[in-house]
Amino acid sequence: MDLQTILVLIIFGIALGYLLRKFVWNPIFEARKRSIGTLDGGKTKCGDKDCGCH
């Protein structure tokens, strides 16, 4: 293989890794970190009812 082909393969690998990390890896682990419950992530100050005070 010549140098140009090797450089193209390296750049393609880096681009593919970036896309996989951005669109596959991060969404999987961000979904696990999200808290389920209130709309503001469980930080309501007035209880479980949405009174509109926040």
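This is a predicted model: local features need pLDDT of at least 70, side-chain atom pairs count only at pLDDT 80 or more; totals for chains, interfaces and linings use all residues.
**Entry 1: proline 27.** I located proline 27 in helix α1. I then looked up its contacts, leaving aside neighbours within four places in sequence, and found Arg21 and Lys22.

**Entry 2: arginine 21.** With a relative accessible area of 46%, arginine 21 is partly exposed. Beyond the neighbours within four places in sequence, arginine 21 is in contact with Asn26 and Pro27.

**Entry 3: lysine 22.** I turned to the other contact of proline 27, Lys22. The charged end of lysine 22 sits over the ring of phenylalanine 23, at 5.8 Å from the ring centre.

**Entry 4: aromatic pairs.** I searched the whole structure for aromatic pairs and recorded zero.

**Entry 5: phenylalanine 12.** I placed phenylalanine 12 in helix α1, which covers residues 3–33. The relative accessible area of phenylalanine 12 is 52%; the threshold for exposed is over 50%, so phenylalanine 12 is exposed.

**Entry 6: nonpolar patch.** Which residues form a nonpolar patch on the surface? I listed Phe12, Leu16, Tyr18, Leu19, Leu20, Phe23, Val24, Trp25, Ile28 and Phe29. Together they have about 1000 Å² of accessible area. Phe23, whose ring lies under the charged end of lysine 22, is one of the patch residues.

**Entry 7: whole chain.** How many helices and strands does the protein chain have? I noted one helix and zero strands. Of the 54 residues in the protein chain, buried residues make up 0%. I recorded an accessible surface of about 5300 Å² for the protein chain, with 65% of it belonging to carbon and sulfur atoms.

Technical notes:
Residues are numbered from 1 along each chain as its sequence is written. Side-chain values use heavy atoms; hydrogens and water are left out. Patches are made of residues with over 30% relative accessible area and no salt bridge: like charges are joined within 9 Å, nonpolar side chains (Val, Leu, Ile, Met, Phe, Trp, Tyr) within 5 Å. Accessible areas come from the Shrake-Rupley method with a 1.4 Å probe; for residues, only the protein chains shown count as cover. A salt bridge is a side-chain nitrogen of Lys or Arg within 4 Å of a carboxyl oxygen of Asp or Glu. Helices (H or I, at least four residues) and strands (E, at least two) are DSSP runs, numbered from the N terminus. Buried means under 20% relative accessible area, exposed over 50%, partly exposed in between (1.4 Å probe, protein chains only). Rings of Phe, Tyr and Trp (its six-membered ring) pair if their centres lie within 6.5 Å; planes under 30 degrees apart count as stacked, over 60 as edge-to-face and the rest as tilted. A charge sits over a ring if NZ of Lys or CZ of Arg is within 6 Å of the ring centre and within 35 degrees of the ring normal. Contact means heavy atoms within 4.5 Å.
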